[in-house]
Amino acid sequence: EHPKMSGSQVKGVSTGTTILAVKYRGGVIIGSDSRASIGGDYVVSKVVNKLIQVHDRIFCCIAGSLADAQAVTKMAKFQLSFLSIQMESPPLVKAAASVLKELCYRNKEELQAGFITAGWDKKKGPQVYTVSLGGMLVSQPFTIAGSGSTYIYGYVDAKYKPDMSREECMQFATNALALAMGRDNVSGGIIHLVVITEDKAEHVIVPGNKLPKFHDE
Amino acid sequence: LSAYDLSASTFSPDGRVFQVEYAMKAVENSSTAIGIRCKDGIVFGVEKLVLSKLYEEGSNKRIFNIDRHVGMAVAGLLADARSLAEVAREEASNFRSNYGHDIPLKHLSDRVAMYVHAYTLYSAVRPFGCSFILGSYDEDDGPQLYMVDPSGISYGYWGCAIGKAKQAAKTEIEKLQVTTHNVLKSLIISLSPFSPFRIYIVHDEVKDKAFELELSWVGEVTKGRHELVPKDIKEEAEKYAKESLEEEEDSDDDNE
């Protein structure tokens, strides 16, 4: 009984997880749960932060093998830091997503990690990209991933609107994550959110006892 | 000169690397190439000296496409320039492969300049005997123009000339306020030092016989793609150039 990770089997510590990123008017919100588990039986950590900063205004959230994800994001962070110094300007969100994609695609035999990259850059403003397990790169207005995401496709499809305000978007993201965490046994803990705009990247935490409650809670 | 000029790995007592200076001589002896950065694009012009009537028209091009949005005009040893164009193409292509977007021109010119510089460090190789001008246009950064010389330095320019008539060309370019012109206007009015017009001024009728003019542009008018200037526009520009040249000569005559 290994946790199902988008249909594949993961060894070792994995982030049975729920992650998402949503574009709104003027920024993006990227969010995740905080549970890390082995085999769906034992919770290794209740407070993992799955939102990794790869540059000033660019964050990634990770799904799959935690070890693989950490190795890849570390490499991406280095490459982006080097690039931004050489080019004397912050990297494009597209460039960050591309770097992750190259790492995932070129090493697909060894790796089992997927990412959502979201951020803000001067050229195109707020953006969201998905890099899947095998190295596919796709840009979307919002995206959800991880084992818990399967339970909330209906919710996000029904409730997403383009050009939301920051508050509307926060509520949307929090609700989506809470619903997934409520049904997926390998997602849970607290909600981590990062709100990225031109001015700053703000980390918001919604503790377990402050999660939105629904009809049966 | 002395024992200090035999290899690129030797400094002279006064701190010069003669091999690099000799490489620059190769550029100075070549026919002229110019680049102009206007308000909405870049124009390149190259004076291509035709050594034999038997050559097919358009052979030995001196303007290269490096990427969709980047062009390169060269002066100096053409074979050296060709291999550098290939280096630039690989850099631009690898960048797009890794980062998913067009390479910014400053970054490309820094990378190629680093490559050129590497060949000035060792006695086992010789420096590249060519300078080149890179130009690009995109909606966000606008028009950009950079020049790289055999020593491996790159410079950003508003207007730039390399080759035998570079001084005369630069003087002509300085006379124009290029930053206020758009690309079409530049082509038709001034393409200066180099433009179809002026090139007739800087072209030495006695020493150099026949020449072909290679013209290319990239800007808003080409939607960011680097292309050779279409034949009809080129001919119109040449006609205008010749006419304005004659007018100048006439007014010069009047002044005498």
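Reader: A:Lys161, buried, partly exposed or exposed?
Author: Partly exposed, with a relative accessible area of 41%. Keep in mind that this is a predicted model.

Reader: What does A:Lys161 form a salt bridge with?
Author: The partner is A:Glu168, and the closest N and O atoms are 2.8 Å apart. A:Glu168 also counts as partly exposed, at 34% relative accessibility.

Reader: How many salt bridges over all chains?
Author: The structure holds 19. One of them joins the side chains of A:Asp33 and A:Lys50, at 2.8 Å from N to O.

Reader: Where do A:Asp33 and A:Lys50 sit in the chain?
Author: In distant parts of it, 17 residues apart. A:Asp33 is in the loop between strand 5 (27–32) and strand 6 (36–38) of chain A, while A:Lys50 is in the loop between strand 7 and strand 8 (51–55).

Reader: And A:Asp33, buried or exposed?
Author: Buried, at 0% relative accessibility. A:Lys50 is buried too, with a relative accessible area of 0%.

Reader: What about A:Glu202, which side chain does it meet?
Author: That of A:Lys200, in a salt bridge of 3.4 Å, N to O. A:Glu202 is partly exposed, with a relative accessible area of 25%, and A:Lys200 is partly exposed at 45%.

Reader: Which residues are linked in a network of salt bridges in chain B?
Author: B:Asp67, B:Arg68, B:Arg96 and B:Asp102.

Reader: Aromatics next. How many pairs over all chains?
Author: Eleven. One of them is B:Tyr115 with B:Tyr119, a tilted pair with 5.4 Å centre to centre and 40° between the planes.

Reader: B:Tyr115, buried, partly exposed or exposed?
Author: Partly exposed, with a relative accessible area of 32%. B:Tyr119 also counts as partly exposed, at 27%.

Reader: Which residues do ring pairs link into a cluster in chain A?
Author: A:Phe142, A:Tyr155, A:Tyr160 and A:Phe172.

Reader: Now the surface. Which residues form a nonpolar patch?
Author: A:Ile38, A:Tyr42 and A:Val44 do, with about 280 Å² of accessible area together. A:Val44 is in strand 7, residues 42–45 of chain A. By itself A:Val44 is partly exposed, at a relative accessible area of 37%.

Reader: Where is A:Met87?
Author: In helix 1 of chain A, which covers residues 66–87. A:Met87 counts as buried, at 16% relative accessibility. Its C-alpha atom is separated by 23 Å from that of A:Leu137, 50 residues apart along the chain.

Reader: Last one: what feature does UniProt place at residues 4–26 of chain B?
Author: The unreviewed UniProt entry has "domain: Proteasome alpha-type subunits" there. In the model, residues 4–26 of chain B are 39% helix and 0% strand, with the end C-alpha atoms 19 Å apart.

Key:
Residues are numbered from 1 along each chain as its sequence is written. Chains are lettered from A and ligands numbered from 1 in the order in which they are written. This is a predicted model: local features need pLDDT of at least 70, side-chain atom pairs count only at pLDDT 80 or more; totals for chains, interfaces and linings use all residues. Side-chain values use heavy atoms; hydrogens and water are left out. Patches are made of residues with over 30% relative accessible area and no salt bridge: like charges are joined within 9 Å, nonpolar side chains (Val, Leu, Ile, Met, Phe, Trp, Tyr) within 5 Å. Accessible areas come from the Shrake-Rupley method with a 1.4 Å probe; for residues, only the protein chains shown count as cover. A salt bridge is a side-chain nitrogen of Lys or Arg within 4 Å of a carboxyl oxygen of Asp or Glu. Helices (H or I, at least four residues) and strands (E, at least two) are DSSP runs, numbered from the N terminus. Buried means under 20% relative accessible area, exposed over 50%, partly exposed in between (1.4 Å probe, protein chains only). UniProt positions are given in the numbering used here, feature names are shortened, and annotations may be inferred rather than shown by experiment. Rings of Phe, Tyr and Trp (its six-membered ring) pair if their centres lie within 6.5 Å; planes under 30 degrees apart count as stacked, over 60 as edge-to-face and the rest as tilted.
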